[in-house]
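Biologist: I would like to learn how to read a protein model, one feature at a time. Could you walk me through this one?

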Amino acid sequence: MIGNDIVDLNLAKTQSNWQRKGFLDKVFTKKEQKLISRADDSFRMVWLLWSMKESAYKSYSRQNNIRFYGPRKFECEVNNLKGTVTINNTIYFTTSTISSNCIHTIATLNTKETITTDFFRLKSDDYLIQHTTTHRYLKSAISNQYNIPITQLKIEKDNTGVPHIKYLCAISSLSASLKTGSVEKSSISISHHGYYGAYSFIQ
């Protein structure tokens with residue numbers, strides 16, 4: 001299981017006032033609020049924790065086939081750019097990348113899995129550009145990884161909004177998850193926010 005999340009920090013500055021009354025209590029546990037108050041850069045800590053929670057949520061919702069809003073149910077531990085997120089005794093291991101403009105986090109249940117991931121700047125923050133560019137980059141990476149024609153790859157969401165990838169033609173040498181008509185249920189994650197997009201998949 002994998003999840004990933006990206007935060008455009010410039011958009012976050014204008015879109016959400018994390019210092020408004022009630023925001024921290026609604027989103028973060030008391031332990032996380034201490035991390036934020038003690039951080040050298042509280043703004044970045046807020047969005048690092050948010051990115052960790054979101055990436056873990058995507059993995060958890062895929063794993064359990066459910067959707068809900070409950071950021072306080074996901075509790076973060078941070079050690080530099082590595083961390084864990086725990087919900088209902090399930091622990092997700094996170095790795096984050098922080099630049100001056102964005103924060104990208106991937107979350108997985110198994111640290112031994114080989115993960116392909118990338119994040120990139122988009123030419124526009126228009127939703128259609130975000131969506132089409134991120135999907136194209138993910139399909140291109142999978143096409144290269146498995147030597148599948150990109151035209152045969154299709155990304156679809158299930159009834160809970162979780163994306164899956166389908167391979168439209170049969171090649172017997174491929175893994176079962178990518179054979180004709182089957183759906184990859186565990187290995188892709190897509191994210192975009194503002195001028196940034198990202199994807200991850202388990203090889």
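Biologist: Let's start with bridge partners. Which residue in β3 is the bridge partner of Val 78?

Modeller: Gly 83 in β3 is the partner of Val 78. Keep in mind as we go that this is a predicted model.

Biologist: How many residues lie between β2 and β3 in their hairpin?

Modeller: Two residues lie between them, and Asn 80 in the turn has a positive phi of about 55°.

Biologist: What does β3 pair with next, by six bridges?

Modeller: Strand β4, residues 90–98, is joined to β3, residues 82–87, and the two run antiparallel. To find this pairing on screen, look for Val 85, which stands opposite Tyr 92 in β4.

Biologist: In what order do the strands of this open sheet come?

Modeller: Read across the sheet, the five strands follow the order β1-β5-β4-β3-β2, with antiparallel pairing. β1 and β2 (75–79) are the edge strands, each pairing on one side only. On average, neighbouring strands here are turned by 20° against each other, direction ignored.

Biologist: Now for another sheet. Which three strands form the open sheet with β11 in it?

Modeller: The order is β6-β11-β10, and the pairing is antiparallel. At the edges sit β6 (115–121) and β10 (188–193), which each pair on one side only. Neighbouring strands of this sheet are turned by 10° against each other on average, direction ignored.

Biologist: How should I read the side chains along a strand?

Modeller: In a regular strand, side chains alternate between the two faces of the sheet. In β11, Tyr 196, Ala 198, Ser 200 and Ile 202 point one way, and Gly 197, Tyr 199 and Phe 201 point the other way.

Biologist: Why is β11 described as largely enclosed by the rest of the structure?

Modeller: Seven of its seven residues are buried, so β11 is largely enclosed.

Biologist: Is Lys 53 buried or exposed?

Modeller: Buried means under 20% relative accessible area. Lys 53 has 3% relative accessibility, so it counts as buried. Lys 53 is found in helix α4, and a polar atom of its side chain lies 3.5 Å from the backbone oxygen of Val 27.

Biologist: What should I look for in the largest pocket, and how much space lies in it?

Modeller: Ask about the space and then about the lining. About 850 Å³ of space lies in the largest pocket. The pocket is lined by 35 residues, and the closest to its centre are Asp 5, Glu 54, Lys 58, Ile 190 and Ser 191. By type, the lining divides into 17 nonpolar, eleven polar and seven charged residues.

Biologist: Which element gives the most to that lining?

Modeller: Helix α4 does, with eight residues. Elements that each supply at least two residues include β1 (2–8), α1 (9–15), α5 (127–146) and β10.

Note on methods:
Residues are numbered from 1 along each chain as its sequence is written. This is a predicted model: local features need pLDDT of at least 70, side-chain atom pairs count only at pLDDT 80 or more; totals for chains, interfaces and linings use all residues. Side-chain values use heavy atoms; hydrogens and water are left out. Two strands pair if DSSP finds at least two bridges between them. Helices (H or I, at least four residues) and strands (E, at least two) are DSSP runs, numbered from the N terminus. Axes are lines fitted to C-alpha atoms, for helices over the stretch in contact, and angles run from 0 to 180 degrees between N-to-C directions. On a 1 Å grid over the protein atoms alone, a cavity is a set of points where a 1.4 Å probe fits but cannot get out, and a pocket is an open set with protein on both sides within 12 Å along at least five of seven lines; lining residues have an atom within 4 Å of a point. Grid points are joined across faces, edges and corners, and a volume is the space filled by probe spheres set on the points. Ala, Val, Leu, Ile, Met, Phe, Trp, Tyr, Cys and Pro count as nonpolar, Asp, Glu, Lys and Arg as charged, and the others, Gly among them, as polar. Buried means under 20% relative accessible area, exposed over 50%, partly exposed in between (1.4 Å probe, protein chains only). A polar contact is a pair of N or O atoms within 3.5 Å; within protein, one must be able to donate a hydrogen and the other to accept it, and residues adjacent in sequence count only if both atoms are side-chain atoms.
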